Amino acid sequence: MDGIKYAVFTEKSIRLLENNQYTSNVESGSTRTEIKHWVELFFGVKVIAMNSHRLPRKGRRMGLIMGHTMHYNYRRMIITLQPGYYIPPLIEKRT
């Protein structure tokens with residue numbers, strides 16, 4: 001599980017949980033097949049689709065010069081599971 005950094009909890013990712021889609025940040029060097037294998041092996045689920053994207057760089061201004069921050073060393077992965085499967089830690093309710 002070295003490639004998966006942490007789960008992402010944003011408004012969009014919480015909305016995607018209804019469609020059995022889970023969002024997490026993974027290392028940029030990891031391939032889709034590695035991530036799919038890790039998720040299926042660790043959580044015991046079946047993955048049917050995976051989408052990934054790099055987050056846009058943030059702009060930084062130093063006086064008159066506009067620059068950007070460094071590239072992130074991770075990318076965001078949206079993992080779609082087969083119906084009937086779920087990842088338990090992300091489905092529990094908070095009290």
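Two strands pair if DSSP finds at least two bridges between them. Helices (H or I, at least four residues) and strands (E, at least two) are DSSP runs, numbered from the N terminus. Keep both rules at hand for the tour.

**Before selecting anything**

This is a predicted model, so numbering starts from 1 along each chain as its sequence is written, local features need pLDDT of at least 70, side-chain atom pairs count only at pLDDT 80 or more, and totals for chains, interfaces and linings use all residues. Side-chain values use heavy atoms, with hydrogens and water left out.

**Whole chain**

Show the cartoon. The protein has three helices and six strands. Along the sequence they follow the pattern β-α-β-α-β-β-β-β-α. The radius of gyration is 16 Å, well over the 12 Å that the globule rule gives for 95 residues, so the protein is more spread out than a compact globule. That radius is taken over C-alpha atoms, and the globule rule is 2.2 Å times the number of residues to the power 0.38. Along the principal axes, the C-alpha atoms fill a box of roughly 55 × 35 × 20 Å.

Now colour by pLDDT (the predictor's confidence in each residue, from 0 to 100). The mean is 85, and 91% of the residues reach 70 or more. Confidence is highest in β3, at 93, and lowest in helix α3 (residues 88–91), at a mean of 60. Where pLDDT is low, the predicted coordinates should not be read in detail.

Next, colour by accessibility. Buried means under 20% relative accessible area, exposed over 50%, and partly exposed in between (1.4 Å probe, protein chains only). Buried residues make up 28% of the 95 residues. Among contacts between residues at least 6 apart in sequence, 62% join residues at least 24 apart.

**Stop 1**

Select β4 (59–62) and β5 (residues 65–68). The two strands pair in the antiparallel sense over four bridges. They form a hairpin with two residues between them. Gly63, in the turn, has a positive phi of about 70°. Arg61 stands opposite Met66 in β5.

Pick Gly67, also in strand β5. Gly67 is partly exposed, at 25% relative accessibility. Beyond its neighbours within four places in sequence, Gly67 is in contact with Lys58, Gly59 and Arg60. For scale, draw a distance to Ser30: the C-alpha atoms of Gly67 and Ser30 are separated by 28 Å, at 37 residues apart along the chain.

**Stop 2: Lys58**

Step to the loop between β3 (47–53) and β4, where Lys58 sits. Lys58 is partly exposed, with a relative accessible area of 45%. Not counting residues up to four places away in sequence, Lys58 touches Gly67, His68, Thr69 and Tyr72. The C-alpha atoms of Lys58 and His68 are 5.7 Å apart, with the two residues 10 apart along the chain.

**Stop 3: Ser13**

Which helix holds Ser13? Select α1 and there it is. Ser13 is buried, with a relative accessible area of 4%. A polar atom of the Ser13 side chain lies 3.0 Å from the backbone oxygen of Val8. Leaving aside neighbours within four places in sequence, Ser13 is in contact with Val8, Gln21 and Thr23.

**Stop 4: Asn20**

Move to the loop between α1 (11–16) and β2 (21–27) and select Asn20. Asn20 has a positive phi of about 65° although it is not a glycine. Most residues other than glycine have a negative phi. Asn20 is buried, at a relative accessible area of 15%.

**Stop 5: Thr80**

Thr80 lies in strand β6 (residues 74–81). Thr80 counts as buried, at 12% relative accessibility. Leaving aside neighbours within four places in sequence, its contacts are Asn20, Gln21, Lys46, Val47, Ile48 and Ala49. A polar contact of 3.1 Å joins the side chains of Thr80 and Gln21. Such a contact is a pair of N or O atoms within 3.5 Å; within protein, one must be able to donate a hydrogen and the other to accept it, and residues adjacent in sequence count only if both atoms are side-chain atoms.

**Stop 6: the phenylalanines**

How many aromatic pairs does a search of the whole structure find? It finds two. Select Phe42 and Phe43: their ring centres are 4.9 Å apart and their planes stand at 85°, so the pair is edge-to-face. Rings of Phe, Tyr and Trp (its six-membered ring) pair if their centres lie within 6.5 Å; planes under 30 degrees apart count as stacked, over 60 as edge-to-face and the rest as tilted. Phe42 is exposed, with a relative accessible area of 54%. Phe43 is partly exposed, at 28%.

How values were computed
Contact = heavy atoms within 4.5 Å.
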